[in-house]
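Welcome! Take a moment to look at the sequence and the 3D structure, and then we will walk through some details together.

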Amino acid sequence: MMFIRKLFVFAWLQALSCIFPLIIFGALALTKVIQLPALPRYDWILLICLLAQAGMMISKLETLDELKVICMFHIIGLALEIFKVHMGSWSYPEPAWSKVFGVPLYSGFMYASVASYICQAWRRLQLQITGWPNSIYAVAISTAIYLNFFTHHFIGDYRWILMLLLVAVFFRCTVYFTLEERTFRMPLLMSFLLIGFFIWIAENVTTFLGAWKYPNQEEVWRLVHIGKISSWMLLVVISIIIVAQLKHVKKGRSDAPQGVSSEKWESRT
């Protein structure tokens, strides 16, 4: 019974951390089923995202620091979307006033929702990380991963090499999370994979609801290729590294301490 209770608490905290992504899912589903007046669908989704963001700030569900991180991810994601659409990786076929270079502005919120989840989960689960690598290595690998999303169109895809480097850099990292005053742990690499997997499931839902379309989904919806899990995992790595480093800088430390117990690196907003 204790295990079931802890599992329920974990699921509940995860659901609370997913408020912003769930709002986006709701907006996609609502505008898919109901044709709202006055504005194109993509513009309504953008408006709902903006109202949701404002509501989360007013209700204190989100802190100012978390909003800053989310805005950063919105810009990072929008830049990637513009490039990928230009290269024909996927498309946004519906019209909208809020499109920039063929990409609706609401698309940046889908990346921002990943950052929102990470920030919320970090705070609600009181995450702590040990074995964090030198900041130079963490920043370098996150930069390389992000650049690979662009450069693989020209010089080849090196994601598997990046994954090997990822293992080498983060294999000593353990993430600790707290449920009702009891602390549990998990290898950080496993958390990367699990979050990437669940984002892949969410991607299947969002493409089914018409958030965007891959070339093989133009005629009829198909399951997103399972290989996309690796892409989302790498995106999660970037997200967690940026959030961790920002918390790191805010604390004014040059390196996170190693070890457990009294030497845990406590990263809370």
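How many aromatic pairs does a search of the whole structure find? The search finds 13 aromatic pairs. Here, rings of Phe, Tyr and Trp (its six-membered ring) pair if their centres lie within 6.5 Å; planes under 30 degrees apart count as stacked, over 60 as edge-to-face and the rest as tilted.

## Before we go on

This is a predicted model, in which local features need pLDDT of at least 70 and side-chain atom pairs count only at pLDDT 80 or more, while totals for chains, interfaces and linings use all residues. Residues are numbered from 1 along each chain as its sequence is written, and side-chain values use heavy atoms, with hydrogens and water left out.

## Aromatic rings

Helices (H or I, at least four residues) and strands (E, at least two) are DSSP runs, numbered from the N terminus.

Buried means under 20% relative accessible area, exposed over 50%, and partly exposed in between (1.4 Å probe, protein chains only). Elsewhere, F83, Y146, F150 and F154 form one aromatic cluster.

## Annotated regions

The unreviewed UniProt entry annotates "transmembrane region" at several places, including residues 39–58 and 70–92. UniProt positions are given in the numbering used here, feature names are shortened, and annotations may be inferred rather than shown by experiment.

In the model, residues 39–58 are 90% helix and 0% strand, with end C-alpha atoms 26 Å apart. Residues 70–92 are 74% helix and 0% strand, and their end C-alpha atoms lie 22 Å apart.

## Cysteines

A disulfide is a covalent bond between the sulfur atoms of two cysteines. Counting pairs of cysteine sulfur atoms within 2.5 Å as disulfides, the total is zero. For C71, the nearest cysteine sulfur is that of C119, 11 Å away. C71 is partly exposed, with a relative accessible area of 41%, while C119 is buried, at 3%.

## A leucine and its contacts

L189 lies in helix α8 (residues 188–208). Leaving out residues up to four places away in sequence, L189 touches L166, V167, F170, F171 and M233, where contact means heavy atoms within 4.5 Å. L189 and M233 are 44 residues apart along the chain, and their C-alpha atoms are separated by 9.6 Å.
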